[in-house]
Amino acid sequence: MSPDAMYSSAEQQAIREDLFRWLDRRLEFGTYEFAREELLGYTYDGVRIPLLDTSRGIRNPREFDATLSIMTSSQGPYDDAVTDDGFVHYRYQSRDGGDNRKLKRAHELGVPLVYFHGVRPGVFVATYPVYVIADDEANRTFLIALDDSLRFFGDPLHMSDHERRYGERMARQRLHQPLFRARVIHAYANTCTVCHLKHPELLDAAHIVADSDPNGIATVPNGLTLCKMHHAAYDRNLMGISADYIVHINDGLLHEVDGPMLKHGLQEMHGRRIELPQRRADYPSKERLDERFLAFDR
Ligand SMILES: [Zn+2]
């Protein structure tokens with residue numbers, strides 16, 4: 001394709017759909033975060049279409065008439081965040097022109113985009129499809145809805161309390177949970193803290209206590225990386241972890257006689273010390289472990 005050739009709108013739509021399927025497949029196989037290099041390497045029909053722009057937050061392929069993706073870096077100059085209405089408030093790029101024009105076009109056309117949010121430098125979680133639902137020219141800001149359902153609200157610039165609460169809840173599910181998962185699993189080096197299983201597709205980021213701060217992105221010290229089995233046992237309080245980092249198994253289970261999952265997967269974990277993250281700042285909070293341990297069913 002020559003540099004000035006455009007994709008037709010049908011082709012652009014097909015590429016967006018292919019991109020979502022590409023991201024879906026990665027997530028199904030346990031990917032929970034994306035490195036910059038792999039996002040730059042996405043191809044459609046043999047043509048490479050980088051998903052990030054190396055110098056700005058808005059990715060506008062020349063062959064597209066509307067934006068393909070937007071990005072907030074983990075610590076960069078982008079002053080964007082999810083606010084308590086559940087929208088990402090994405091500031092206009094400082095230079096007027098192509099960048100903002102193609103995002104305005106994405107708003108007019110209602111096309112779906114991908115939102116990449118930095119977890120740490122060069123690594124992102126992906127939320128998609130997302131939509132530009134308002135262009136707040138007075139504040140030079142686009143409002144980005146992280147969930148399809150938010151597109152059908154009344155005036156996004158003047159939402160009711162009910163709508164804001166709903167939007168906030170959606171933002172937690174769609175962005176904060178993937179961020180929490182990426183941060184916790186990375187902190188524990190892709191390893192179940194109890195049994196050392198190392199398959200991200202079989203690992204979860206478990207909350208120690210339910211995260212009650214509706215605005216806060218759940219923090220790593222309130223998380224544990226657990227395999228599916230140990231996550232379920234922890235959630236049902238059949239397995240506890242005390243503040244001295246020791247694993248406890250429910251008494252009934254300890255004395256039951258059954259197959260290898262019970263014996264090796266649960267009984268032999270009793271009394272073991274959990275594997276801690278490398279960074280001290282990522283250690284599970286002793287206060288939270290203590291609080292949660294009260295619920296453990298001895
Ligand atoms: Zn495990």
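Predicted model: local features only at pLDDT ≥ 70, side-chain atom pairs only at ≥ 80, totals over all residues.
Residues are numbered from 1 along each chain as its sequence is written. Local features require a pLDDT of at least 70 and side-chain atom pairs a pLDDT of 80 or more, while totals for chains, interfaces and linings use all residues.

The protein chain has an average pLDDT (the predictor's confidence in each residue, from 0 to 100) of 88, and 92% of the residues score at least 70. Over residues 76-80, pLDDT remains under 50; for this stretch the model has 11 contacts (heavy atoms within 4.5 Å) beyond four places in sequence.

Two domains, whose bounds come from an automatic or database domain assignment, divide the protein chain: domain 1 (9-182) and domain 2 (190-293). Their C-alpha centres are 33 Å apart.

The zinc ion is coordinated at 2.1 to 2.4 Å by Cys192 (SG), Cys195 (SG), Cys227 (SG) and His230 (ND1). Donors are N, O and S atoms within 2.8 Å of the metal (3.2 Å for Na, K and Ca); water is not among the atoms, so sites may look incomplete. The angles among the four donor atoms run from 94 to 118°, and the site is tetrahedral (four donors with all angles between 85 and 135 degrees). The donor residues follow the spacing C-x2-C-x31-C-x2-H in sequence. Cys195 lies in the loop between helix H4 (161-187) and strand S11 (203-207), and His230 in helix H5 (residues 228-235), so the pair ties together parts 35 residues apart in sequence. Helices (H or I, at least four residues) and strands (E, at least two) are DSSP runs, numbered from the N terminus. Cys195 is partly exposed at 26% relative accessibility, whereas His230, at 2%, is buried (buried, under 20% relative accessible area; exposed, over 50%; partly exposed, in between; 1.4 Å probe, protein chains only).

Note on methods. Heavy atoms only, no water. Tetrahedral: all angles 85-135°; square planar, octahedral: opposite > 155°, others 65-115°.
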